[in-house]
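This report covers pockets and helix packing. Please look over the sequence and structure first.

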Amino acid sequence: TACEHLKNLLGLARDGDALVIVGDTMDYINGANLRLTEKLFSSFDKPFVQVCGNHEPLKDIPDGYIVSRMKNEIQTIDLGDMVIVGLDNSQRKISVAQLDALKRFVEDGKPILLVMHVPIMNDENRELLLKSGVYFQLNYDGCPKENLEFIDFIKENGNSFVAILAGHLHYSNVSKISD
């Protein structure tokens, strides 16, 4: 079950430095799902970034829960030798504030693990993502200009990023965005 998978994930993450969740922690938000995630995450003792997914509408996330962190447009964990940056792009857009924050992290010089929900379409995954539909791409035709500026910034500063982890897809996708 989804509950068992989440328990297993949290168990595995106890051996790591941090946990990243790329959205869709819950299929939908209701009292039972909130109580369950609260129970599981309340005993988790590692830092974690949990970005919002499309199954977690911001308006439905109540305040006062551990998962309320998904309402943050930007989340960070500084691990000393690298920083984890989580950006909420669950609505398929990047804000000016998110882009500015990412620029500051690049200026700081630490390697960045970028975490978000909606993936970036590039030459390597274009055919695959086009088959899935426009709903599964951050850089779709007519997307906000900030999305394209964000992607160009990542390409131009590729050496600053350890990796970019995205959810949303219901299959594996590994591709290169920058040399």
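## Largest pocket

Strand S6 (residues 161-166) gives the most to the lining of the largest pocket, with 6 residues. The model is predicted. The pocket's volume is about 490 Å³.

In total, 24 residues line the largest pocket. Nearest its centre lie Ala163, Ile164, Leu165, Ser175 and Ile177. Sorted by class, the lining of the largest pocket has 14 nonpolar, 8 polar and 2 charged residues.

## Second largest pocket

The second largest pocket has a volume of about 380 Å³. It is lined by 16 residues. Ala2, Leu6, Asp24, Thr25 and Met26 are the closest to its centre.

H1 supplies the largest share, 5 residues. The class count for this lining is 9 nonpolar, 5 polar and 2 charged residues.

## Packing of H3 and H5

Helix H3 (residues 96-108) packs with helix H5 (residues 145-156) at an angle of about 10°. Their axes are 10 Å apart. Angles under 35 degrees count as roughly parallel, and H3 and H5 are therefore roughly parallel to each other. Their crossing is left-handed.

Which residues of H3 and H5 meet? H3 brings Val96, Leu99, Leu102, Lys103 and Val106. H5 brings Glu146, Glu149, Phe150, Phe153 and Ile154. By class, this contact has 7 nonpolar and 3 charged residues, with no polar ones.

Definitions and conventions. Residues numbered from 1 in each chain as written. Predicted model: local features only at pLDDT ≥ 70, side-chain atom pairs only at ≥ 80, totals over all residues. Heavy atoms only, no water. Axes fitted to C-alpha atoms, helices over the stretch in contact; angles between N-to-C directions. Helix = DSSP H or I, 4+ residues; strand = E, 2+ residues; numbered from the N terminus. Parallel < 35°, antiparallel > 145°, perpendicular 65-115°, else oblique. Left-handed = near helix turned anticlockwise from the far one by under 90°. Contact = heavy atoms within 4.5 Å. Nonpolar A, V, L, I, M, F, W, Y, C, P; charged D, E, K, R; others polar. 1 Å grid on protein atoms, 1.4 Å probe; cavity = no way out; pocket = protein on both sides within 12 Å on 5 of 7 lines; lining within 4 Å. Points joined across faces, edges and corners; volume = space filled by probe spheres on them.
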